[in-house]
Amino acid sequence: MPVCVLSHPFHAYPFTLTSKLIGVDIMSKHNNSWIELRDVSQSFRAESRNIVLFENVNLCIRQGESYAITGPSGSGKSSLLMLASGLEKPSTGSVVGCSETKTHSINELRSEIGFIFQQFHLLPELDALTNVALPLKLRGNKAATDIAKQWLEKVGLAHRSTHKPSQLSGGEQQRVAIARALAFSPKFIFADEPTGNLDSQSAKEIADLLFACCKDKGASLILVTHSEQLADKAMHQLHFNEGKCSWKKSVIPGEYCA
Ligand SMILES: Nc1ncnc2c1ncn2[C@@H]1O[C@H](COP(=O)(O)OP(=O)(O)OP(=O)(O)O)[C@@H](O)[C@H]1O
Ligand SMILES: [Mg+2]
């Protein structure tokens, strides 16, 4: 029976103490809010069997911090990401959004979340530029198209802006999906194997973009990866294996950023 009891090293500390530990006040600089997973378990019913993926996960996802989730295929990494972002509900336990003054539904953070799906989920009838501009337009941003163009440039795809997903390679679609998720400067970035389809140079450039959002803009970055090199860049590393999950690494952000 899989059992996961994960306590984030800072989870037990009151907020004020955490801020002191960090040294630089990342929290107030970036309009602090965070996501908490409280005793979260996930199981599925398949062919009259109950498959337990993980149980009793406690995790606190803070702004300005990066988290890598690693583990074998099928171990539950994408499932955890879907729960943590509020896209799916856990079988038991809860996922909530928090600020210094209140605890609220994760749904209230929906507009602050950028999600890079493992399968990209681009809208097939829209070209690359319109796919990237859409979340900005939905937020009423009048400069949506210009910002989308800049992001397509950042991911090296300016020359593909009028191409639809079916006219793009897997790696190109992945980069459009990354641009779409980052263009509106989300406070929380969930990235499911964001470099899985990329060559090593593109992977390095995308990793730099993702970690810059975290380090420079104070976003939370939660990524799933099979790449040890990418996982090593994160402040915190969480490993899934055979229903067990454990911390592989966790550092004080102030030390990491120095
Ligand atoms: N809705 C569902 N119903 C039944 N089983 C599911 C459901 N969603 C996920 N699973 C199962 O849960 C397990 C974990 O899936 P998940 O996608 O989280 O794995 P993963 O660690 O992301 O794997 P990969 O590295 O291959 O992407 C898989 O065996 C999958 O079939
Ligand atoms: Mg997955």
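A residue is near a molecule or strand if its C-beta atom, placed from the backbone, lies within 6 Å of it. The model is predicted: local features need pLDDT of at least 70, side-chain atom pairs count only at pLDDT 80 or more, and totals for chains, interfaces and linings use all residues. Residues are numbered from 1 along each chain as its sequence is written, and chains are lettered from A and ligands numbered from 1 in the order in which they are written.

Q: Which element gives the most to the shell around ligand 1?
A: The residues around ligand 1 include Phe 44, Ala 46, Lys 77, Ser 78 and Ser 79. Strand S1 (34-46) and helix H3 (77-84) are the elements that give two or more residues to this shell; helices (H or I, at least four residues) and strands (E, at least two) are DSSP runs, numbered from the N terminus. With three residues, the element that gives the most is H3.

Q: Is H4 parallel or oblique to H5?
A: The axes of helix H4 (residues 128-138) and helix H5 (residues 144-154) come within 8 Å and cross at roughly 125°. Axes are lines fitted to C-alpha atoms, for helices over the stretch in contact, and angles run from 0 to 180 degrees between N-to-C directions. Angles under 35 degrees count as roughly parallel, over 145 as roughly antiparallel, 65 to 115 as roughly perpendicular and the rest as oblique. H4 is therefore, relative to H5, oblique.

Q: Is Glu 108 buried, exposed or partly exposed?
A: Glu 108 is found in the loop between strand S5 (103-105) and strand S6 (113-116). A residue is buried if 20 or more other C-beta atoms, placed from the backbone, lie within 10 Å of its own, exposed if 12 or fewer, and partly exposed in between. Because Glu 108 has 14 C-beta neighbours inside 10 Å, it counts as partly exposed.
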